[in-house]
Amino acid sequence: MNPTSDTHCRRCRYLAAYLGSLILGYLYLYFTEEQYISLGTSLRPNHTPASSECLNVSQLLSGGHVLQGGAGRPYVIDLGFAHGLGHKLELQMLAMVAGLRGKGRFVGALWTAKSGSGEHTDMITAAPLLGKLWGGNVSDEAEPELVGAARYSPLEDGSCPRRQAGKRVQGESGVAGATLDEVASFLGNGRLAVICPWFDKNAGGTPLPAEELVVRKWMRSRIVKGGKGQSFFMDGTDDILIAVHIRRGDLLNRQQHRMTRNHFFVNVVAHVLTELAAERSAQVVVVSETWRDGGHECSREKKLCNHLGQSVDFEASLRKQVADLGHQFGKWQVQVHLDSDTARSFLTLVSADLLVLSSSGYSAWAGLLSTGIALYPADAKSQSVMRRMRSEAVSSIPVQSGDRWDREAVAREWSRSLVRYSQVRGRPYKVSYDSRAFTIDYNRTLLLGGSVHYPRLAMEDWGPMLKNTALDGLNHVQLYVFWNVHEPKAPQYDPATKTYKHTYDLEGRADLAKFIKLAGDNDLFVDVRIGPYVCAEFTFGGIPVWTKDIPGMCYRSICGWHAGAPETCEPWKTGSTAGCDPWRQQMADFVLFITDLINKNGLSAEEGGPVIMAQIENEFHYNEPVGQAYVAWCGKLAANSNLNVPWVMCNGMSAKDTLNVCNADDCEGYVAWHDKQWPDQPLGWTEDEGWFITWDPYYYLANFDRPPQEMAYVVAKWVALGGSHHNYYMWYGGNHIGQWGAASLTNGYAQGVNILINGLPHEPKKSHLARLHKVLGALNGELMSVVDRRSIQPRDLTNNVQMYQWTDTLGFIHRPACSGYPTYVYFKNKRYMVSCQEVLIVNPQDGMVYYASAEVLPGGAIQTKVVAKLSSWTAAPEKFRRGMGVRKSTYPVDQLSITGLDTDYVLYKTSFKSPADRSVELTIASSWSQVFYISINGGKSYDTTIMNINKGATKWNATATLMGVQAGQTYDLYILSESLGIENGNVESGLASMEPSLNKGIIGNVTVDGKSIYEGEWTMVKGLDGEVLRAPRDGPTQFMNTNPKVPTWFHTKFDLPRWKKTEWGLRSVSLRLPKGLPNDAGGHLWLNGMNLGRWRSTLQPRTGDYVQPEYRLPADALEVGTNRLAVFSATGDWVSSTTEEGMAKVVESYYIPAEKAALH
């Protein structure tokens, strides 16, 4: 198999091209509520182009050569070419699709082509017959009116290619091309649709396999949707669905010789049941439609006949064959539908897992649109139909009519490509696993995924981001569920029931169900990592801060264990969390709420939804008795929830009822350790780390922006080792709004991953990895055909290079990291060049290299333009009048006890008497990721800044020298405390009262020259006045040069033009900080009343720029037209100068795909 080359034979391309061109007409027929009519037999075109000419659309509109459609009546003109299927089949298909919605009307198609099988004129004469068959009105309409025209073309410029003798391809430019949905909409207005065909290579416009697949998938989804519940299969089961099509029309007089022998169908189905469905229940449905009543006694007597016209009992024959193979027939059901409804028969074939087809065009259509496996008779006279339809988009296997059975071929096709959600959508399916891989609907498949966190991007971006994820060859998306996003406020305790009443936020960015649905809409499965501790560089790891105030609370443990009396907590038995210890009660309430939410919205696999996997806890390592007991409880909670999918635990301990999976930059070393402990589990990799950066320029991790060739190397190596599940953490990191970023985390998250924080591709990384996904997806069948992954052992070549050979046609050549030049190695007389730290995916039979991990091709490009230069600002000082509330105490209260996650700011007020006429030292007990701004003149100016931008929760004494004080004088001390986030890590199995991550602001003694001022009169103002008013202009003054030592609000406006939607689908608008700001400046950004989170001007010496110079302005805050931007600066620094370099700017960036970027 060659996943990177064009394997289509020329005749196959003709067929696929022709089918693709005709599809659009069919789609509309069941979409519309219009009444359809037939063109009848009298309507003829005035112009018949040559077989290789495309009718000029302008001619249709000119009136000289017009086929007119009635007002409000949709017509379809297809200028395609016939290649052996015959026009009666096309008309039958048109009628069949039209009949899906019970309208029974027919749209005629004008054919102008001549081909190798002669001039087909019988398509027009067949129209009345088909109209009658479907109960439609067969009539001619006099002088109907043409309302307009649209054309679908696969070419980039929308032109309809045509060929003239001796000349090169030209483009007809009458009417612009349209998309599939646009054509359907155009028809909905009663207009004429001219559908350009795809021609062969000589004519230009040859479709790519991906283009063919898009059209087929689009048509199939609408057929299945329109005919939902109309197939002959019984709904609501987990059976294997097997459909058999027997060509009933061949039984008409003098046609029996064309029929495939009945024993072919019986033998094939018997082997499928006994080998592929041996442990499964299955439904076998035989359909056999006919064109006309009578014609043969079998038709009249409603019997199934063989090629000799003799009556045949299909079920009895099948039972006998199964018995001969040594099996019982108890769990399999058979239905036989003779002279069956054409539409229902077709739907049955299309929706089957495995099709056994006859040698007819009708079967060819079913195989073309199905995602199941199509078996067809290799020795039938009309086998060319099925042979020509084979392509990368179709699974079809020729089967001999004798007893020979190519079980391996069917097994490969059974898992031929990545299983995608569209193949199981809307019906219950089972998700399981074995040591080789996860199985979806009993099909082994690679799971290639990427993480996208729904709160970290605007809802408007969810759909486009998920669509691009799927287009890059991934088949699932992974997400964390953020408890503190869904439950920002503490629940109410009911002492009578000893339970809590929770109020959950499921709106806006917190609409988890909508995000999961959108993932399914974009053909992605979903892995839901519930936790509820998620780490994720999110504030306090996703745990709500209010939990610390619950009496007896501990974290990620069994509270009370060390006191000797752990409480029983089994809500799956009692139906309540009453009596549970504090942590497990809150955790179980949330976990079970999320699993209920998934099921109630029909999002689980059992409900036909996209959720196929879940995670409990996260990266737990406390391997002590209490930790072991807690992990075991987590496994029971997961197993007894109502979410019946595989549950995993990652990067640490795992429970009996869960799977253990890896988190790392490279999981090669994990394989042996995993297989020793869990030999029956597949190899899963939940976090291929993309890392992150912090405000600390020296925390700039060496692997924050991992090279594309290194990431491709570890992924390809993982698959070579037998890994079947892989996930990028992250695929897109997004941005932190409000207080969501963890300790010292920048506003943007995971800048170095596949998609940049501005929402655009990170090239060439994104394109290089997308190519890998598509190659692996195409090779899925060969990879899954090897059931025992441990049987694949490396074979040593030369120069420390190894070959992992999976099949005769698939191998992975691996060379580890080294120093030196590329080297040549030989395998089976084929020579390969391999670099250090590279994996080649090859076909050992012919030496073809499918993918080279170290060969990085140019990717797309990003262009940026300035939308607005922000030169005009107004400024207003922050007054700290009341903020969000004022609290008085005899000591400084720790910050989180005052603020929770409502704000990053607390102003502490007290006074002290200076001990001497000299500078004195102020010391404040605090912790990392914290800034203090100090004033000794009652807030008139904050002349001293103490900043700690280390990531973590380590205790820290903030020290500042206070200048110019006089002995014996009393000074009003104002300490503005700014939290840079709560650490995402916490102490496993620790008490909440001792959790260091929750220490923010002033957490202990405050001294002046060593003398404590901790006890005394303290006033604490929670938050900023401007935050309460959502960053308004509070008595603005025209910006001049305000005192840079006063916390200040800066305000401006800018206009944003309308967006012309791009191919990428996401708008990327960012604020670029002005140059020249001091290293300690920082604060928060607000756009149209939304708090966009923290900004800082910390310099990065390696780049000479800020650690984060640009901040994405999210789509849920941006407005077309006037936008109001507010910047809070705690130091008062913002506009450094009036020069262009000193100005802040709003910029818009665009992604240009590689094929277009090369032209710029």
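**Salt bridges and nonpolar cores in a predicted model**

Arginine 425 and aspartate 521 form a salt bridge whose closest N and O atoms are 2.5 Å apart, a salt bridge being a side-chain nitrogen of Lys or Arg within 4 Å of a carboxyl oxygen of Asp or Glu. This is a predicted model, in which local features need pLDDT of at least 70 and side-chain atom pairs count only at pLDDT 80 or more, while totals for chains, interfaces and linings use all residues. Residues are numbered from 1 along each chain as its sequence is written, and side-chain values use heavy atoms, with hydrogens and water left out.

**Salt bridges**
- The structure holds 34 salt bridges, and one network of them links Asp665, Asp688, Arg706 and Glu710.
- Arginine 425 is partly exposed at 44% relative accessible area, as is aspartate 521 at 45% (buried is under 20%, exposed over 50%, partly exposed in between, with a 1.4 Å probe and protein chains only).
- Glutamate 983 and lysine 951 meet through their side chains at 3.0 Å, N to O, and both residues are buried.

**Nonpolar cores**
- In the largest nonpolar core, which has 146 residues, Trp583, Phe812 and Ile841 touch the most other members; such a core is a set of buried Ala, Val, Leu, Ile, Met, Phe, Trp, Tyr and Cys residues joined through side-chain atoms within 4.5 Å.
- A second, separate core of 45 residues includes Trp1049, Leu1085, Tyr1106 and Ala1130.
- Leaving aside neighbours within four places in sequence, isoleucine 841 has contacts (heavy atoms within 4.5 Å) with residues including Leu772, Phe812 and Tyr851.
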